[in-house]
Amino acid sequence: NYPARVRIVEVGPRDGLQNEKLPVATTTKLALIERLADAGLGVIEATAFVSPKWVPQMADAAEVMAGLPQRAGIAYPVLAPNLKGFEAALAAGAKEVAIFTAASETFCQKNTNCSIDESFVRFAPIMAAARDAGVAVRGYVSCVLGCPYEGAIAPQAVLDATQRLLQIGCYEVSLGDTIGVGTPGSTARLFERLCASVPAAQLAGHFHDTWGQALPNILTALDFGVATFDNSVAGLGGCPYSPGATGNVATEDVVYMLDGLGIVTGVSLERLVDAAAFISAALGRAPASRVARAWLAR
Ligand code: HMG
Ligand code: MG
């Protein structure tokens, strides 16, 4: 009873690159996005309009927006933590933004310098401005399966944040296992709680692969009817305010698994591996994903 089709949200250019220590040229980011578009990805999170003091790697957000390949059918959501970020995103041509909060108070403070309640105070004017501008808003909840500062997180805290994001008008909430500690057991317990109150169609899975559990966790979420997953080409990434977090689950690992299950994604594995090889070479390392390495070694 898995969904017949899965919507892949490629977050490599944002979540993947935000944590790189050395600067990545805007032209390299755009060349990556071009390859991701060529691979058939329909949603590519392009950048983040956050404070460059907090995340220097995203300081070129407006330049990235100006150079995006303009192709029919591709959405380029961007992160906006506050009204300042939203206005900058709008001015740069964004048609969709993502706001982000957490299920952990401490993480929310470390990541955005505010409490969970205060994050919703910031979101109110963003939602009003987005409605006026016809901009779609996605919500993120971080630390849904554990927090680097607080440890275990109660599913109820995740449900609360999720429902608040939906109530203020987010069309979907992406559930971040920010530090990749979840297992199919904790993932099932979380989705049991969430899916009792929220339609699976309004939920997305955002799994980091730190502890190697992302694919089984995705399979677990699929079983609950979740059909949108955030992934990062070549397994790039980590969160700068989440010590020890490694990359998001690699898009090519997810696509290979979904291909094998007969679940349609519209993504070409061959072209995706090409994108993974490109960005890994540009960063001076081998692709982190098993599928890219296996493909390239054939
Ligand atoms: P703050 O320091 O409290 O903000 O940071 P402030 O309003 O006091 O402003 C301080 C300075 O930042 C000012 O500049 C503002 O103009 C500027 P100054 O006067 O000192 O020169 N500023 C901005 N500049 C550009 N764009 C903006 C912006 N806002 C203020 N939007 C703030 C609060 C939210 C801004 C900061 O904490 C921040 O930018 N945090 C973002 C951190 C981040 O990007 N984390 C990674 C993304 S979330 C993630 O990865 C998790 C996710 O993947 C899901 C998962 O895996 O869990 C989504
Ligand atoms: Mg993330």
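Author: Helix 7 and helix 8 are oblique to each other, a class left over once angles under 35 degrees count as roughly parallel, over 145 as roughly antiparallel and 65 to 115 as roughly perpendicular. This is a predicted model, in which local features need pLDDT of at least 70 and side-chain atom pairs count only at pLDDT 80 or more, while totals for chains, interfaces and linings use all residues. Residues are numbered from 1 along each chain as its sequence is written, and chains are lettered from A and ligands numbered from 1 in the order in which they are written.

Helix 7 spans residues 155-167 and helix 8 spans residues 184-195 (helices are DSSP runs of H or I with at least four residues, strands are E runs of at least two, and both are numbered from the N terminus). Their packing angle is about 45 degrees, and the axes are 9 Å apart (axes are lines fitted to C-alpha atoms, for helices over the stretch in contact, and angles run from 0 to 180 degrees between N-to-C directions). Helix 7 passes helix 8 in a right-handed crossing (the near helix is turned clockwise from the far one by less than a right angle; anticlockwise is left-handed). From helix 7, Pro155, Gln156, Val158, Leu159 and Thr162 meet Arg189, Leu190, Arg193 and Leu194 of helix 8 (C-beta atoms, placed from the backbone, within 7 Å). This contact has five nonpolar, two polar and two charged residues (Ala, Val, Leu, Ile, Met, Phe, Trp, Tyr, Cys and Pro are nonpolar, Asp, Glu, Lys and Arg charged, and the others, Gly among them, polar).

Another pair is helix 10 (residues 251-260) with helix 11 (residues 269-282), packed at about 165 degrees with axes 10 Å apart. These two helices are therefore roughly antiparallel, and helix 10 passes helix 11 in a left-handed crossing. Thr251, Glu252, Val255, Tyr256 and Asp259 of helix 10 meet Leu269, Leu272, Val273 and Ala276 of helix 11. Six residues of that contact are nonpolar, one is polar and two are charged.

As for ligand 1, 28 residues surround it, with Ser51, Gly85, Ser142, Gly176 and Thr178 the closest (C-beta atom, placed from the backbone, within 6 Å). Two or more residues come from each of helix 4 (83-91), helix 5 (105-112) and strand 6 (136-142). Helix 4 gives the most, with three residues. By class, this shell holds 13 nonpolar, 12 polar and three charged residues.

The chain averages a pLDDT of 96, and 98% of the residues score at least 70 (the predictor's confidence in each residue, from 0 to 100). For the complex, the predictor gives an ipTM of 0.99 and a pTM of 0.97.

Technical notes:
Contact = placed C-beta atoms within 7 Å.
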